[in-house]
Amino acid sequence: MRPPIVNGLRAFVPRLLQADRPARIINTASVGGFLPSAMMTPYSATKFAVVALTEGLAGELAALDPRIKVSLLAPGPVKTAIFREAPGTASAQFHGMMTHMLDENGMDAEAFAERVFAAIERGEYWIVPQPEMLDPLLKARNKLIETRADPVLNWARESA
């Protein structure tokens, strides 16, 4: 079974190439595609995969038809109803942490959408609607990698 993102690309990229006109593909990952989180390992792994797939696709399409552009949307927390339903007891603590994080740090959905559409209009590859949140964390993660330090997942330590 192929991941849905691969199915979508297999279905649409050949059609975009045949259309012989400018186009843009926007793949959605997450800040979780740059910053792994404890208790969300499978989620982080799939988002890292979307980041790599999108970067590779951008290079391939640049060689095949530079009129077909690619963008990567990497949202952070957005205030939606995704965590509003009560979870089972096994995930209650995790659910509580996620709900709190969204309430404290989530961006309003309308403001989020405005930033996304503005980035698309500018033709940006990296669509990061919440750079004020991602940038400092990304710098810290890159420093860990550059210095070969062990990974640090701050929120996991705080709850331990």
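**Entry 1: a salt bridge at Arg67**

I began with Arg67, which forms a salt bridge with Asp20; the closest N and O atoms are 2.6 Å apart. I looked up where the two residues sit: Arg67 is in the loop between H2 and strand E2 (68-73), and Asp20 is in the loop between H1 and E1, so the pair ties together parts that are 47 residues apart in sequence. For a salt bridge I used this rule: a side-chain nitrogen of Lys or Arg lies within 4 Å of a carboxyl oxygen of Asp or Glu. Helices (H or I, at least four residues) and strands (E, at least two) are DSSP runs, numbered from the N terminus.

I noted the basis of the work here. The model is predicted, with local features needing pLDDT of at least 70 and side-chain atom pairs counting only at pLDDT 80 or more, while totals for chains, interfaces and linings use all residues. Residues are numbered from 1 along each chain as its sequence is written, and side-chain values use heavy atoms, with hydrogens and water left out.

**Entry 2: the other salt bridges**

How many salt bridges are there by this rule? The count comes to four. Arg67 also forms a salt bridge with Asp65, and here the closest N and O atoms are 3.1 Å apart. I wrote down that Asp20, Asp65 and Arg67 are linked in a network of salt bridges.

I call a residue buried under 20% relative accessible area, exposed over 50% and partly exposed in between (1.4 Å probe, protein chains only). Asp65 is buried, at 7%. Arg67 is partly exposed, at 33%, and Asp20 is exposed, at 53%.

I also found a salt bridge between Glu124 and Arg122, whose closest N and O atoms are 2.5 Å apart. Glu124 counts as partly exposed at 27% relative accessibility, and Arg122 counts as exposed at 54%.

**Entry 3: helix H1**

I then followed H1, which covers residues 4-19 and has 16 residues. From its first C-alpha to its last, H1 reaches 23 Å, close to the 22 Å expected at 1.5 Å a residue. The expected span is 1.5 Å times one less than the number of residues.

Where does H1 bend? The bend is at Phe12, by about 25 degrees, and the proline Pro14 follows within four residues. I took the bend at a residue as the angle between axes fitted to the seven residues ending there and the seven starting there. After H1 comes Asp20, with a positive phi near 55 degrees.

Met39 is not a glycine, yet its phi is positive, about 70 degrees. Met39 sits in the loop between strand E1 (23-28) and helix H2 (41-64), and it is exposed, with a relative accessible area of 65%. Arg148, also a residue other than glycine, has a positive phi near 60 degrees. I found Arg148 in the loop between helix H5 (131-146) and helix H6 (154-159); at 67% relative accessibility Arg148 counts as exposed.

**Entry 4: the nonpolar cores**

I defined a nonpolar core as a set of buried Ala, Val, Leu, Ile, Met, Phe, Trp, Tyr and Cys residues joined through side-chain atoms within 4.5 Å. The largest core has 17 residues, of which Ile25, Phe34, Leu57, Leu61 and Leu72 touch the most other members. H1, H2 and E2 each supply at least two residues of this core. Which element gives the largest share? H2 does, with four residues.

I listed the contacts of Leu61, taking contact as heavy atoms within 4.5 Å. Not counting residues up to four places away in sequence, Leu61 touches Val13, Leu17, Ile25, Pro66, Ile68 and Val70. A second, separate core has seven residues, including Leu73, Met107, Val116 and Ala119.

**Entry 5: the sheet**

Last, I traced the sheet. Three strands form an open sheet in the order E1-E2-E5, and the pairing is parallel. Two strands pair if DSSP finds at least two bridges between them. I noted that E1 and strand E5 (126-127) are the edge strands, each pairing on one side only. E2 and E5 run parallel and are joined by two bridges. Leu72 stands opposite Trp126 in E5, and Leu72 is also one of the residues that touch the most other members of the largest core.
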